[in-house]
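Please keep the 3D view open as you read.

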Amino acid sequence: MPQKSDISNSDILFPYSNIRDGQKEFLNDVNTAVNEGKILLAHAPTGIGKTAASLGGMLNYGLKNNKVIFFLTPKHTQHEIVIETLKKIKEKYALKFIAVDIIGKQWMCMYPDTEDISSNEFNEFCKAKKEHEECEFYKNAHPKKNESNIADGIKNKLKNSIMHSEEVKELCSRHNICPYEIIIECAKDANVIICDYFHIFSKTVRDTFLTRIGKELNDSIIIIDESHNLPERLMSLLSHSISEFSIDRAGKEAENVGKIYLQEAVLNLKKILVLFGKELDNNNEIFMEKDKFVAAVEKHIRKIDGPANCLKITGKFLGSWNMSEPGFARILKKEIRKDATGRYRDYFSLYCNCLDPSISTSEIFNACHSAVLMSGTLIPLEMYKDILGIPDKRAMLKEYKSPFPKENKLVMVVEGLTTKYEMRSEEMFKKYAENINEILKHVDGNIAIFFPSYKILNKISFFMKEIQDKSDKNFTFAKPILLEQQDMTKEDRMELYKKLI
Ligand code: SF4
């Protein structure tokens, strides 16, 4: 059970001494939402301090009423600010509560290079290791009574101090213990769980996850950071496709694992796809009737599934195609590509695209105790409420003002600069570099520059350096150029950002 807090006099646990404009209003709304069991959709501009306000407004209620708070973020890098905020609250109010930081098992695994394989492959790998009792890290996380128990020591440490998942991984690696297992064990007693959207919004992940940690949706408070991302992330999670290429790969996998019946099934599936492809005539894509494809598949194929990646994807596709819910667009497409002999021919694909994210969200927003969806770009709020299936009677729609004075923002457009594909050239990149260098000369303090791709970043930064090296010796560019590189690790990126700040 989550630890009960001993606070009773204050409803709000704000970690800082000063509160920003707009933040107070947001904090009070969060507190109202959690007390009244509402779902707050908050369009709150950057800089308002959303993390502190959302946790500050909800944590006390959660602790007093034994509700677990799930703080969901779409990126691992955003976990750190949540952890720091919780640490500050804990220290300022001398509170006892447990918070755990969870990232996907694949990123916590102690085996090398597991980050490079697909999630299907990884899940099969981990499952097999555990079932065959071959994972020493797993065994060390669950020692038998007569075995030495370092795992309990780590769990106690994690329950008493708030640790980043990377710190837990580092600590566990010293003792050959699976960090994911340790975190999951601690999550059973946690008051706050920092995790990804998928832990709650993917039905398969949620069912296993909540069962393992012994939590229920109706006793949950959910904070969703950067929630403008939620509809798209969920639609992509629920969408599936197959193509002649993926079917060929599935056939190869079936052959490699010696499953002849699967290989035949996959071959039949390709024949069906190509046959339907002929119906496209001069069109590049057409809607495909669900039942027509189901009938053809049922006639020639029993079931496709298997231990390997493409076989699983193909099996999943067939399952998703057959789902009865409306809200999916079933599309047959063709594209012209070169075949192995170098000749161009039509290649066919089938898509089962989800157009309605409420298929996976309305259940959550009906069941949870309360939720806050927050983002700097959550307008129109009404639209997000509708597409996420949030019931009218529970919804609170709010827009907050930026805490920064308007005059602090200077928007300038430089004519003649564009990254439009057909306008890209060495000359254009040089022009960018000249303009950026001019800005560097006139702005005090550090500057962050954002590029649409690493390729463009590398081109422009090359010219920036070249111009700086050749520049007037009387003028020095006091600021070193710090470059983010595509192959940087998470730690390298954090180091880089710290240098900038
Ligand atoms: S139990 Fe842990 S260490 Fe073992 S394979 Fe699974 S994730 Fe990796």
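**From one cysteine outwards**

Cys126 lies in helix α5. Helices here are DSSP runs of H or I with at least four residues, strands are runs of E with at least two, and both are numbered from the N terminus. Before going further, a word on what you are looking at: this is a predicted model, in which local features need pLDDT of at least 70 and side-chain atom pairs count only at pLDDT 80 or more, while totals for chains, interfaces and linings use all residues. Residues are numbered from 1 along each chain as its sequence is written, and side-chain values use heavy atoms, with hydrogens and water left out.

Is Cys126 buried or exposed? Cys126 counts as buried because its relative accessibility is 14%; the cut-offs are under 20% relative accessible area for buried, over 50% for exposed and partly exposed in between, with a 1.4 Å probe and protein chains only. Between Cys126 and Lys105 there are 21 residues of sequence separation, and their C-alpha atoms are 9.1 Å apart.

The residues around the ligand are Lys105, Cys109, Met110, Tyr111, Phe122, Cys126, Cys135, Phe137, Tyr138 and Cys178, where a residue is taken as near if one of its heavy atoms lies within 4 Å of the molecule. Two or more residues of this shell come from each of α5 and α6. By type, the shell around the ligand divides into nine nonpolar residues, no polar and one charged. In this scheme Ala, Val, Leu, Ile, Met, Phe, Trp, Tyr, Cys and Pro are nonpolar, Asp, Glu, Lys and Arg are charged, and the others, Gly among them, are polar.

**The cavity that holds the ligand**

The points are joined across faces, edges and corners, and the volume is the space filled by probe spheres set on them.

The structure holds one cavity of 30 Å³ or more, and the largest cavity contains about 120 Å³ of space. There are 15 residues in its lining, and Cys109, Tyr111, Cys126, Cys135 and Cys178 are the closest to its centre. Helices α5 (119-131), α6 (136-141) and α9 (179-187) each give at least two residues to this lining. The largest share, five residues, is supplied by α5. Sorted by type, the lining of the largest cavity has eleven nonpolar residues, no polar and four charged.

**Loops and backbone details**

Asp113 lies in the loop between α4 (105-108) and α5, and its phi is positive, about 65 degrees, although Asp113 is not a glycine. Asp113 counts as exposed because its relative accessibility is 60%. Asn176, in the loop between α8 (165-173) and α9, also has a positive phi, near 55 degrees, in a residue other than glycine. With 42% relative accessibility, Asn176 counts as partly exposed.

Further along, the peptide bond from Ile379 to Pro380 is cis, with omega near 0 degrees. Pro380 is located in the loop between β10 (370-375) and α18 (381-387).

**Stepping back to the whole chain**

Leu158 is found in α7 (residues 150-160) and is buried, at 2% relative accessibility. Its C-alpha atom is 9.9 Å from that of Asp101, 57 residues away along the chain. Asn31 sits in α1 (residues 23-36) and is buried too, with a relative accessible area of 9%.

Overall, the protein chain has 21 helices and eleven strands, and buried residues make up 44% of its 501 residues. Its C-alpha atoms fill a box of roughly 70 × 70 × 50 Å along the principal axes. The domain assignment, which comes from an automatic or database source, gives domain 1 (114-190), domain 2 (238-353) and domain 3 (412-500). Between the C-alpha centres of domain 1 and domain 2 the distance is 38 Å.

Notes. 1 Å grid on protein atoms, 1.4 Å probe; cavity = no way out; pocket = protein on both sides within 12 Å on 5 of 7 lines; lining within 4 Å.
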